Amino acid sequence: MKGTVHYEERDGIALLSIDNPPVNPLSTGVRAGLCDGVERALGDDNIKAIVVTGMHRAFIAGADISEFGGPPTDGPDLGETLADMEASTKPIIAAINGTAFGGGLEVALCCDYRIASPSAPVGLPEVKLGLLPGAGGTQRLPRLIGAEAAVQAIISGDPIMAPDALALGIVDRIASGDIVEEGIAYAEEIIAAGSATRKIRNIEEKIAGDRGNDELFDRIENNLNKSHRGQFAPVQILECIRAAVNAEDFDAGMAVEQKCFAACLSHPQREALIHIFFAERAANKIPDLPKDVPLLEVTRGSIIGAGTMGGGIAMCFANAGIPVRIHDNDPENLARGMKVIEGNYARTVSKGRLSQGEMDNRLSLIIPTENFDDLGDGDVIIEAVYENLELKKEIFSRLDGIVKEGTILATNTSGLDVDAIAAVTSRPDQVCGLHFFSPANVMPLLEVVRGKESSPVVLGTAMALGKRLGKVSVMAGNCPGFIGNRMIGGYSRQASMMILEGASPAQIDKVIYDFGLAMGPFAMADMVGLDLGWRARKMMGGSNEATARIPDELCELGRYGQKNGKGYYRYEEGDRTPLSDPEANEVIARVAGELGFSRQDFSDDEILKRCIYPLVNIGAKLLEEGYALRAGDIDTVYVNGYGFPTYVGGPMWFADTQGLDSVLADIERFFEETGDDVWRPSELLKRLVSEGRNFASVDTASVDTA
Ligand code: 3H9
């Protein structure tokens, strides 16, 4: 059995301490330990109350996620455990020492009283795993805080810090000192006052007012179509909370919760989301990086370049409380960059998501400097100038002269050769890539790029720094475009080819939108601006690529995208809705004709495959060449950096769910039909199919591609 619960008697109070490091999920041994502990306390006349707390850094992180979808486990299930606790005739006090999430908060809600450490977050984040609180959370929380607040908490799944939980009524008290001592003192008070128990199932006042209030639930349901488009669990959650309010009694509501939980549990979105949960954590583990590698202490950062990327990265440091210098060789750029940073913070303050005091504090951590040499006191220096290899090399050769021993030198490139940059310094082992995604202060992904000489200390520190900056970090090898951008090229190119072959931008964009991305490739291109690529191609003397012809001709006609109201689509003044435009469609048809394409109809299914399978094939090549360590790393990159729907699990997971044999058959067919190199099937993919395996089985840092 995994995990245990220690039983200790303290002057007539039973103290149950949950011990399942590091975060105390409700594994078999914990559930059994809670049942045994409650039974023992109830059977002992000397015991008047029970205090439940967690050891280590959490109270309880929830149900044991690794058990979902697996074989039945031994001992009591969570429902039985909580029924035992709720039936206790002696008061139970939850002493919430740290994180109480999911089943962890549900345990606390089955206790009679709750006291929390001020820094403890509580919440019901099951929705992020494609689940719902299935141990009474959807029934008890509304009874405690009202239906609307409960919907907000459970459908967002966001953590609620203890002081806010107190204000909402989720906890009764905040501890000011040692949580266990105060939990016991609280129990003594309750005993002195007559040992009353208090079961949330019996509380009706908070929900009574909403009984029959269809308007409330209909309004929330309509919003769900926008805020949680395509997701299964939120709709189920709403049904449960409706039942909490309207069902005949508590047990009838619980029956609805059980039905909806079972539906979520067997839904493919649940599997995909739990895959991403574990993939994001596995991505932190770098097989050939010793666990005890000594990490460098990062007390100060330095950023070169005060443009969008540099400013966003500086904000990440300030948000994490790390002082950071920011330099730009153009004083005007530096001043503008600081203004943008200030504006970004001010917007967050105006939305009520940051206090003015905290904004001032963060701004004070960002120190602009016109003097390059000032950067030398950073423990990590991140170059974030525009993508020009020569410029980056020049900067790195200058850095050599100003940095201290051990400083990490990082380049924020989205795909340039990190080794070529490292080679101009006298310390290539100190160099790595840190690829932030734009806007860097918002996007969760960080690709840590391993140069051929990057030292383990540098890589370990870079991964740890990513976590401190609140990023999901993935290690990538040094190849053009690394993981994310190397793959995306295949997606964009196939979309561009299909409009030459007869599909419309609107059809392709709709297929991608329906698949779950926020927008398709052409709406995205219009948003970014078609003129950027056009100008870049012109500077290089123009392009012969068939896929460049349409955007080039659109730009020649002054169609730059959203910025001037016309690109692949046209836009009404002040409205970003893409509208079909005869002029753009005429350009597409004419160019296709001139290039000799014969136009054909596409099914939505074919469009989806043409867009997504290049990601899969290139992803497989990244694995086979060792530039990505695991299929899960690639999925992590795509959901955190490219807006790939998390509930589909990332491109490699998606391929597994389609069956790799059918994916390979399509890729081979596309290769035969087009001869395009992107479709040359990956050797790894062919081998997996021949062995009847899938990408999930290639956990691999030790990818055996022989
Ligand atoms: C639920 O409760 C359903 C019920 O309503 C109904 C049931 C009937 N289980 O994230 P970290 C592992 S659904 C198993 O790096 P942090 C994690 O994989 C659950 N393992 O630490 C990692 O392992 P490793 C609802 C878990 O401090 C290690 O612990 N609960 C679980 O950055 C450390 O994790 C949630 O959704 C788990 N529940 O963050 C909460 N949780 O070292 C999910 C963690 O081998 N968990 N592990 O890689 C979290 O949000 C974060 O882990 C937490 C700690 C905030 C707790």
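Predicted model: local features only at pLDDT ≥ 70, side-chain atom pairs only at ≥ 80, totals over all residues.
**Ser-473 and its surroundings**

- Ser-473 has a relative accessible area of 3%, so with the limit for buried set at under 20%, Ser-473 counts as buried.
- Not counting residues up to four places away in sequence, Ser-473 touches Ala-283, Leu-446, Val-448, Met-463, Gly-466 and Lys-467.

**Domains and nonpolar cores**

- The largest nonpolar core is made of 92 residues. Leu-399, Ile-483, Ile-508, Cys-611, Ile-612, Tyr-613 and Phe-695 have the most contacts inside this core.
- Helix H25 (residues 604-624) gives the largest share of this core, with 11 residues.
- Because domain 2 (301-480) and domain 3 (503-594) both contribute residues to this core, the core lies between them.
- Take Leu-399 as a way in: leaving aside its neighbours within four places in sequence, Leu-399 is in contact with Ile-304, Phe-372, Ile-381 and Leu-409.
- There is also a second, separate core, which has 67 residues. Among them are Leu-105, Cys-111, Ala-120 and Ile-237.

- Asp-379 belongs to the loop between strand E13 (366-369) and strand E14.
- The relative accessibility of Asp-379 is 13%; buried means under 20%, so Asp-379 counts as buried.
- Setting aside neighbours within four places in sequence, the contacts of Asp-379 include Glu-297, Val-298, Thr-299 and Arg-300. Lys-404, Thr-407 and Ile-408 are also in contact with Asp-379.
- Asn-388 is in the loop that runs between strand E14 (380-383) and helix H16 (389-399).
- With a relative accessible area of 29%, Asn-388 is partly exposed, because that value falls between the 20% limit for buried and the 50% limit for exposed.
- A polar atom of the Asn-388 side chain lies 3.1 Å from the backbone nitrogen of Leu-391.
- Asn-388 and Leu-416 are 28 residues apart in sequence, while their C-alpha atoms are 8.3 Å apart in space.

**Around the ligand**

- The ligand is surrounded by 28 residues, and the closest are Gly-103, Glu-106, Glu-126, Arg-281 and Lys-285.
- Helix H3 (103-110) and helix H12 (268-282) each supply at least two residues of the shell around the ligand.
- The largest share of that shell comes from H12, which gives three residues.
- A nitrogen atom of the ligand lies 2.8 Å from a backbone N or O atom of Ala-61.
- An oxygen atom of the ligand lies 3.1 Å from a backbone N or O atom of Gly-134.
- A polar side-chain atom of Arg-281 is found 2.6 Å from an oxygen atom of the ligand.
- Taken alone, the ligand exposes 1,000 Å², and the protein buries 77% of that area.

Methods. Residues numbered from 1 in each chain as written. Heavy atoms only, no water. Core = buried A, V, L, I, M, F, W, Y, C linked by side-chain atoms within 4.5 Å. Buried < 20%, exposed > 50% of the residue type's maximum accessible area, 1.4 Å probe, protein only. Helix = DSSP H or I, 4+ residues; strand = E, 2+ residues; numbered from the N terminus. Domains from an automatic or database assignment. Contact = heavy atoms within 4.5 Å. Polar contact = N/O pair within 3.5 Å; in protein donor to acceptor, adjacent residues only side chain to side chain. Near = heavy atom within 4 Å. Areas by Shrake-Rupley, 256 points an atom, 1.4 Å probe, with all protein chains shown as cover.
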